[in-house]
Amino acid sequence: MTGLPVPVPGVCVRVKLNIGGCGPYAHIVADFEPPGPGGGLELLNAVPGERLPAEYLPALRSGLLEGLGGVAAAVLLTGGSFHEVDSCARGYEIAGRQAGRAALIGAGLLPPEEADTLRWATWPDRPRPRHRRPQRPFRGDTVGQGGG
């Protein structure tokens, strides 16, 4: 199992899906570090229970494992929040998956273009989205003018 080669601090994911008036909500802030001697995923939580209830941590861990795709890392949760009505395990699983992918991009293990697929994740040095502008003819061009 390979390990995260460099730290990726400040990964923030805020999942907000609006499905018929409500939907999964999750918010986490995490620092990713190279793994300790045991390898695998080490998840440490520094967020008080009133900000991020422990009941969501198993789903978050599951999402992190999927997002990291077998790459070992130590993850410290430094922030987060929940919503009494809209938070659910599914939202935290999505947040974990996106955070894991963001860490891989930030560490250079995935190409920067992959950042475009992460809807809710931000991190320092995140590549800017690549939007293609439609090609328009230059004003001086005579396209369709029947020049001759």
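# Reading a mixed sheet and its helices

Modeller: Five strands make an open sheet with mixed pairing, in the order S3-S4-S2-S1-S5. The edge strands, each pairing on one side only, are S3 and S5. This is a predicted model, where local features need pLDDT of at least 70, side-chain atom pairs count only at pLDDT 80 or more, and totals for chains, interfaces and linings use all residues. Residues are numbered from 1 along each chain as its sequence is written, and side-chain values use heavy atoms, with hydrogens and water left out.

Biologist: What counts as a strand, a helix or a pairing?

Modeller: Helices (H or I, at least four residues) and strands (E, at least two) are DSSP runs, numbered from the N terminus. Two strands pair if DSSP finds at least two bridges between them.

Biologist: In what sense does S4 pair with S2, parallel or antiparallel?

Modeller: S2 and S4 are antiparallel, over seven bridges. Glu33 stands opposite Ala74 in S4. His27 stands opposite Ser81 in S4.

Biologist: And in what sense does strand S3 pair with S4?

Modeller: S3 (residues 41–45) and S4 are parallel, over five bridges. Leu41 faces Ala73 in S4. The chain goes from S3 through H1 to S4, and this β-α-β crossover is left-handed. A crossover is right-handed if, with the strands pointing away from the viewer, the path from the first strand over the helix to the second runs clockwise.

Biologist: Why is S4 described as largely enclosed?

Modeller: Start with the cut-offs: buried means under 20% relative accessible area, exposed over 50%, partly exposed in between (1.4 Å probe, protein chains only). Seven of the nine residues of S4 are buried, so the rest of the structure largely encloses this strand.

Biologist: Where does Leu57 lie, and is this residue buried or exposed?

Modeller: Leu57 lies in helix H1. Its relative accessible area is 19%, so Leu57 counts as buried. Contact means heavy atoms within 4.5 Å. Leaving aside neighbours within four places in sequence, Leu57 is in contact with Leu43, Asn45, Leu52 and Leu77. Leu57 and Ala89 are 32 residues apart in sequence, and 8.4 Å apart in space, C-alpha to C-alpha.

Biologist: How is the length of helix H2 judged?

Modeller: The expected span is 1.5 Å times one less than the number of residues. H2 (residues 89–106) has 18 residues and reaches 25 Å from its first C-alpha to its last, close to the 26 Å expected. Gly108 follows H2, with a positive phi near 85°.

Biologist: Which elements do the buried residues of H2 pack against?

Modeller: They pack against strand S1 (8–16), strand S2 (25–33), helix H1 (57–68), strand S4 (73–81) and strand S5 (121–122). The buried residues of H2 include Tyr92, Ile94, Ala95 and Leu104.

Biologist: Which residues have the most contacts inside the largest nonpolar core?

Modeller: In soluble globular proteins, nonpolar side chains tend to be buried together. A nonpolar core is a set of buried Ala, Val, Leu, Ile, Met, Phe, Trp, Tyr and Cys residues joined through side-chain atoms within 4.5 Å. The largest has 37 residues, and Val11, Val13, Ile28, Phe32, Leu77, Tyr92 and Trp123 have the most contacts inside it. S1, S2, H1, S4 and H2 are the elements that give two or more residues to this core. H2 gives the most, with eight residues. Residues that Val13 touches include Ile28, Ala95 and Trp120.

Biologist: Where is Asp125, and is this residue buried or exposed?

Modeller: Asp125 sits in the segment after S5. Its relative accessibility is 77%, so Asp125 counts as exposed. Its phi is near 65°, a positive value in a residue other than glycine.
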